[in-house]
Amino acid sequence: MQILVIDGQGGGIGKCLIEKLRQAMPQVQIVAVGTNSLATSAMLKAGASVGATGENPAIFNAKSADVIAGPIGIIMANAMWGEITPAMAAAVSGSPAQKVLIPIEKCRIHVAGNVEKPLTRYIEEAVAAIQSFAQE
């Protein structure tokens, strides 16, 4: 199983997600793609198997990932203060991979009916969802 984690800004969400995934699924291949080198570095330090930075790695790896995870903005063009390019958003949303998205309203997306929780709780739920996909 290959999990693609995409994050931008400082990579904090991706970092937390990878740390929890690595604890729960130590053998899984985790590919970290940051929209900038700071985000990529944070995710590599958290335990990603490999990492790359920018638009092309996001597009390339979205094609072969089994699961794509990250903040909800990774499916929206120009989210994260413009770090998610239209091509990146299209590659993620068009990928056949399962998507596990963390609802962050900083991306200017409000999911109606979503119960506000601490970020750590969302990450725990994301890890649980990814584990269930791995068992299928």
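The model is predicted, with local features requiring pLDDT of at least 70 and side-chain atom pairs counting only at pLDDT 80 or more, whereas totals for chains, interfaces and linings use all residues. Residues are numbered from 1 along each chain as its sequence is written, and side-chain values use heavy atoms, with hydrogens and water left out.

View 1. Helix H1 spans residues 12-24; helices (H or I, at least four residues) and strands (E, at least two) are DSSP runs numbered from the N terminus. With 13 residues, H1 reaches 19 Å from its first C-alpha to its last, close to the 18 Å expected at 1.5 Å a residue, where the expected span is 1.5 Å times one less than the number of residues. Ile-13, Gly-14, Leu-17, Ile-18, Leu-21 and Arg-22 are the buried residues of H1. Seen down the axis of H1, these residues fall within an arc of 155 degrees, so they line one face of the helix; the arc is that of the directions from the helix axis to the C-beta atoms. Buried denotes under 20% relative accessible area, exposed over 50%, and partly exposed the range in between (1.4 Å probe, protein chains only). An α-helix has 3.6 residues a turn, so residues three or four places apart point the same way. The cover over the buried residues of H1 includes strands E1 (2-7), E2 (29-34), E4 (67-71) and E5 (98-102), together with helices H2 (37-45) and H6 (119-135).

**View 2. Helix H6 and its buried face.** H6 has 17 residues and reaches 25 Å from its first C-alpha to its last, close to the 24 Å expected at 1.5 Å a residue. Its buried residues are Tyr-122, Ile-123, Ala-126, Val-127 and Ile-130. Viewed down the axis of H6, they fall within an arc of 140 degrees and so line one face of the helix. E1, H1, E4 and E5 are the elements against which the buried residues of H6 pack. Glu-125 is also located in H6, and at 30% relative accessibility this residue counts as partly exposed. Glu-125 and Val-100 are 25 residues apart in sequence and 9.4 Å apart in space, C-alpha to C-alpha.

**View 3. The crossing of H1 and H6.** The axes of H1 and H6 come within 10 Å and cross at roughly 45 degrees. That angle makes H1 oblique to H6. Axes are lines fitted to C-alpha atoms, for helices over the stretch in contact, and angles run from 0 to 180 degrees between N-to-C directions. Angles under 35 degrees count as roughly parallel, over 145 as roughly antiparallel, 65 to 115 as roughly perpendicular and the rest as oblique. H1 passes H6 in a right-handed crossing; a crossing is right-handed if the near helix is turned clockwise from the far one by less than a right angle, and left-handed if anticlockwise. Ile-13, Cys-16, Leu-17, Lys-20, Leu-21 and Ala-24 of H1 meet Leu-119, Ile-123, Ala-126, Val-127, Ile-130 and Gln-131 of H6, contact being defined as heavy atoms within 4.5 Å.

**View 4. The pairing of H3 and H5.** Helix H3 (residues 55-62) and H5 pack at an angle of about 15 degrees, with their axes 9 Å apart. The two helices are therefore roughly parallel to each other. H3 passes H5 in a left-handed crossing. Glu-55, Ala-58, Ile-59 and Ala-62 of H3 make the contact with Ala-87, Met-88, Ala-91 and Val-92 of H5. In H5, the buried residues are Met-88, Ala-89, Ala-91 and Val-92. They cover an arc of only 165 degrees around the axis, which puts them on the same side of H5. These buried residues pack against E1, H3, E4 and E5.

View 5. Asn-61 is situated in helix H3 and, at 13% relative accessibility, counts as buried. Leaving aside residues up to four places away in sequence, Asn-61 touches Gln-2, Leu-4, Val-31 and Val-33. Ser-95 is placed in the loop between helix H5 (86-94) and E5, and at 7% relative accessibility Ser-95 counts as buried. With the exclusion of residues up to four places away in sequence, Ser-95 touches Ala-62 and Ile-68.

View 6. Asn-78 lies in the loop between E4 and helix H4 (79-82). Phi of Asn-78 is near 70 degrees, a positive value in a residue other than glycine. Trp-81 lies in helix H4 and has a positive phi of about 60 degrees although it is not a glycine.
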